[in-house]
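Here is a short briefing on charges, salt bridges and a strand pair. Keep the structure open while reading.

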Amino acid sequence: MMQTPLILSSFITRAERFFPNKMVISRTSEETIQRFTYKEWAKRTRKLSNVLTELGMEKGTKVGTFAWNHHRHLEAYFAVPCTGAILHMINIRLSPEHILYIINHAEDEILLVDEEFFPHLEKMAPFLKTVKHFVIMSDSKELPETTLQNVHSYEALLEQASDEYDYPEDLDENTPAGLCYTSATTGQPKGIIYTHRGLVLHSYALGLSDAMGIRERDIAMSVVPMFHVNAWGMPFAGVFFGTSQVLPGPGFNPSVLLDLIESEKVTITAGVPTIWLAVLKELQQKPRDISSLRGIVCGGSASPKGLIRAFEEQYKIPFIVGYGMTETTPLVSMSVLTSAMDDLTIDERIEMRATQGLTMPGLDTRVVNENGEVPWDGETMGELTVKGPWIASEYYKDERTEEAFKDGWLYTGDIAVMTPDGYLKLTDRTKDLIKSGGEWISSVDLENALMTHESVYEAAVIAVPHEKWMERPLACVVLKENVVDDDSKKEELKEYLKGQFASWWVPDEILFVKEIPKTSVGKFLKAALRDQLQDHYAVK
C-alpha cells in the first residue's frame, strides 16, 4: 500500500476542491455574523501561514491562541500546524497564574489574541519568557493602545499577504500539530501534544455513524470552546467532511445559541451539561424552532437523566453522551443505541443514554482494580484505562507522566463499571469517591439521581469527615427558581434517594446553595466545595 502521510494540509485541499461553497458562519460580536465559503477560508488560511512565517514561525515553533470560537481561530487551526509548527490553544478561563505558567512552559513565541483579552496578556508581558509577537484578532484593523513592541493587527497583516503557500506534502504524520493543557483542578496544568496522525484519525472517527456521524450535509455548531481539547475535534472534522460550521463567538449565552440553531438550521452541536441545562431552561421560557437538530452531543461530566429525557421526549432530539479527556483528543466512547436495544422502554433507553457508551472503533478500553480486569456486571468498580492511535503516550515535559501512563495504557483516574453490553459507565473520579465504613459510594450516581427530582437544578456530592464512618456524603443542591429551601424539602430529597439506593448511601445532610463552583470547562469543582466546607462541616 502507498505510504501517504496522514497530515492536516490534506483537509484544506479537500475542502477547497470539493466543497468550495460550503460555509463558515462566524459570530464575532453581539451584532456581527460573518460568512466565508471554504474557498475564501482556505485563502485566508494560507495568508495567515505566510504572515506567521514572516514573523519567524518555522517547524516546531509554538504559536498560542487566546480566543473564542470564530473563523480566525479556525484559520489558525490549520495555518499553524500545516507548516510543521505547533498550535497551542490556551484556555482563556484559567487563572492568570496558570495562563502564565502554560505560555512559558509551552515556550510560545507568537500569540494570536482576541482584542478583548489583550489587556490580560499585556499585564503578563513582562513575565512571558519566550513571546516575541502579539497578533490582535479583531474585525477592526486598528490596534489597541499599548506600550508593548511587536503588536500587530491580524486583518492588516492578512490584507498585505499572499494567498499562495505550498504546504509540505512530505511532513511526517507523527509531527506535533497541537498542544492543549488540562484545566488543572489540582497542581499545575499538564500539557498534551497532538500529532497530525492522531488528529486525522480522530477526525475519521467523528464521521462514523456510531459516533457523531459528521458529514457534508450537516451544519455543525461547536459550543465546546476551541481552546478545550480542540473543541472535541469538530472544527477539524468539519473541514475534512465539508461540513458547514457555525462558530458562536464571544460571550455567547443560551439565547444566542438557540437563535443560531434556529436561524442557521444547525443539525449537530456539542457542549457540556451545564450549557444544555441552561439552554433547556431558556427553551422552556422562550420556545424556538430547533427541529433542524438531529443530535446533541454532551460530555465533560455526567449528564442528568432529566436533561436527557427532556430533549429526547419533549423535543424528539437524540441526546448522546460522550466520554473523553484532554489526553484522548478526546473521543473515547459514545452512548449510541445498538440494534439490540430497539425494544427498550423509554426509561431503559434513558439509562443507556446516561452511560458513557460504547468504545470507539480503533480504541481499546478496560476497567481494572486490584484483582485485574473487572467483570462486565455493571457493578464491580475499577479504574478506566485506554489505549489507541489518538491517545496520548505522555505529558509534555512533565514528570507526572509516570503516574498516568503505564504498560502502554493511559490510566484515566476515572472510576467506572462495564455493563453486560460492554457500555462504560463512570461512577466517579478516583479523588471524588466516598469511602464510608469501608464501602465505596459513587458521588456521580447520587448527583444524577438528585438532578432527576423536579425541584433540583444542580447537585454536587462530596465527602466530609465522620468520626465513626471516616467519610459520609454531603449533597450540595441548587434548587430551581421559586422552590422553598426548607427542612421539609431536605427530607423530601432524602426520601427520594432512599427509593433508589441503599440507606447508607443516602447523605446525612443536604445543603442548599446558590451556585456550585465550576472549572473553566463547566465541570463541578468539588475541590472548591471541599475547601469551603472542610472547616465548617463535619457530619457526625
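Is E164 buried or exposed? E164 is exposed, because its relative accessible area is 63%, and exposed means over 50%. The model is predicted.

**Negative surface patch**
- E164 sits in the loop between helix 6 (154-160) and strand 8 (176-181).
- E164 gathers with D166, E169 and D170 on the surface. Together these residues make a patch of negative charge.

**Salt bridge E155–R44**
- The structure holds 28 salt bridges. One of them joins the side chains of E155 and R44, at 2.8 Å from N to O.
- E155 belongs to helix 6 and R44 to helix 2 (residues 38-54), so the pair ties together parts that are 111 residues apart in sequence.
- Both E155 and R44 are buried.
- E155 and R44 also belong to a network of salt bridges. R72, E75 and D139 are linked in that network too.

**Salt bridge E481–K281**
- E481 and K281 form a salt bridge. Their closest N and O atoms are 3.0 Å apart.
- E481 lies in the loop between strand 26 (470-479) and helix 15 (487-498), while K281 lies in helix 10 (residues 273-285), so this pair ties together parts that are 200 residues apart in sequence.
- E481 counts as exposed because its relative accessibility is 55%.
- K281 has 32% relative accessibility and therefore counts as partly exposed.

**Salt bridge D347–R309**
- D347 forms a salt bridge with R309, and the closest N and O atoms are 2.7 Å apart.
- This pair links distant parts of the chain. D347 is in helix 12 (residues 346-353) and R309 in helix 11 (residues 305-314), 38 residues apart.
- D347 is partly exposed, with a relative accessible area of 46%.
- R309 also counts as partly exposed, at 27% relative accessibility.

**Strands 1 and 2**
- Strand 1 (residues 23-27) and strand 2 (residues 33-37) run antiparallel. Five bridges join them.
- A hairpin of five residues connects strand 1 to strand 2.
- Which residue of strand 2 does S26 stand opposite? S26 faces Q34 there.

Key: Residues numbered from 1 in each chain as written. Predicted model: local features only at pLDDT ≥ 70, side-chain atom pairs only at ≥ 80, totals over all residues. Heavy atoms only, no water. Patch = residues over 30% accessible without salt bridge, like charges linked within 9 Å, V, L, I, M, F, W, Y side chains within 5 Å. Areas by Shrake-Rupley, 256 points an atom, 1.4 Å probe, with all protein chains shown as cover. Salt bridge = Lys/Arg side-chain N within 4 Å of Asp/Glu carboxyl O. Lys, Arg positive; Asp, Glu negative; His and termini not counted. Charge placed at Lys NZ, Arg CZ, Asp CG, Glu CD. Helix = DSSP H or I, 4+ residues; strand = E, 2+ residues; numbered from the N terminus. Buried < 20%, exposed > 50% of the residue type's maximum accessible area, 1.4 Å probe, protein only. Pairing = 2+ DSSP bridges.
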